[in-house]
Amino acid sequence: MLATYTLRTAETADVPGARRVMLDTLYRDMRSGYVPRWHGDVIDISGAYLAPPRHTLLVATAPDGEVVATGGVRSHGPSAPDRLAERYPAGITAQLCRIYVDPAHRRRGLARAMVDRMLAFIAADGGYTAAYLHTDPISPGAEAFWTAHARLVHDERPTPHGPGTVHFELEIPARP
């Protein structure tokens, strides 16, 4: 089914569709809605993903051209907890983020294809020493997906009053 979709680097014209997928996911799946201190990149997609040279945003489009999935890479590590912020510093850590698939298009290989393409982007950059991501296990299928494709490095759920975030590291493939 993946053959019916187009997976490519986002362009300015894709920003509204990408923002829709991201905001829909934040409200529907994460139930947090838009929180400026966490989700500023969703509003400023161009500034967060399209303009910086070591960042990228991928989109998957359906045959009608509608953006149905997103996935971004930024040169930022986590800001918390402290031990992870030290382990994954900005500049040399590629953070995978906003890997969201519209529910009507899930279970068709889009997320896996996006992750493969993002890891290739990270490897081609040559300046990243780690690929990191975090997820909220409340998102349908997210924890199972990442457990199958990445290495768990920290689970905040046992932390009293913690956010419940689960942190992973992915292996960067050899440079092409």
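The protein chain holds six helices and seven strands, where helices (H or I, at least four residues) and strands (E, at least two) are DSSP runs numbered from the N terminus. Read from the N terminus on, the elements follow the order β-α-α-α-β-β-α-β-α-β-α-β-β. The model is predicted, so that local features need pLDDT of at least 70 and side-chain atom pairs count only at pLDDT 80 or more, while totals for chains, interfaces and linings use all residues. Residues are numbered from 1 along each chain as its sequence is written, and side-chain values use heavy atoms, with hydrogens and water left out.

The C-alpha trace spans about 45 × 40 × 30 Å along its principal axes. A compact globule of 176 residues would have a radius of gyration near 16 Å, and the 15 Å of the protein chain agrees with this; the radius is taken over C-alpha atoms, and the globule rule is 2.2 Å times the number of residues to the power 0.38.

Turning to helix packing, the axes of α1 and α2 come within 9 Å and cross at roughly 155 degrees. Axes here are lines fitted to C-alpha atoms, for helices over the stretch in contact, with angles from 0 to 180 degrees between N-to-C directions. The two helices, α1 and α2, are therefore roughly antiparallel, a label given to angles over 145 degrees. In contact (heavy atoms within 4.5 Å) are R19, M22, L23 and L26 of α1 with H39, V42 and I43 of α2.

The peptide bond from A80 to P81 is cis, with omega near -5 degrees, and P81 is found in the loop between β3 (67–74) and α4 (82–87). In strand β4, R98 has a positive phi of about 55 degrees although R98 is not a glycine. Most residues other than glycine have a negative phi, and most peptide bonds are trans.

The largest pocket contains about 1,500 Å³ of space. On a 1 Å grid over the protein atoms alone, a pocket is an open set of points where a 1.4 Å probe fits, with protein on both sides within 12 Å along at least five of seven lines, and lining residues have an atom within 4 Å of a point. Of its 47 lining residues, M30, Y100, H134, T135 and D136 are the closest to the centre. Strand β4 gives the largest share of the lining, seven residues.

Technical notes:
Points joined across faces, edges and corners; volume = space filled by probe spheres on them. Parallel < 35°, antiparallel > 145°, perpendicular 65-115°, else oblique.
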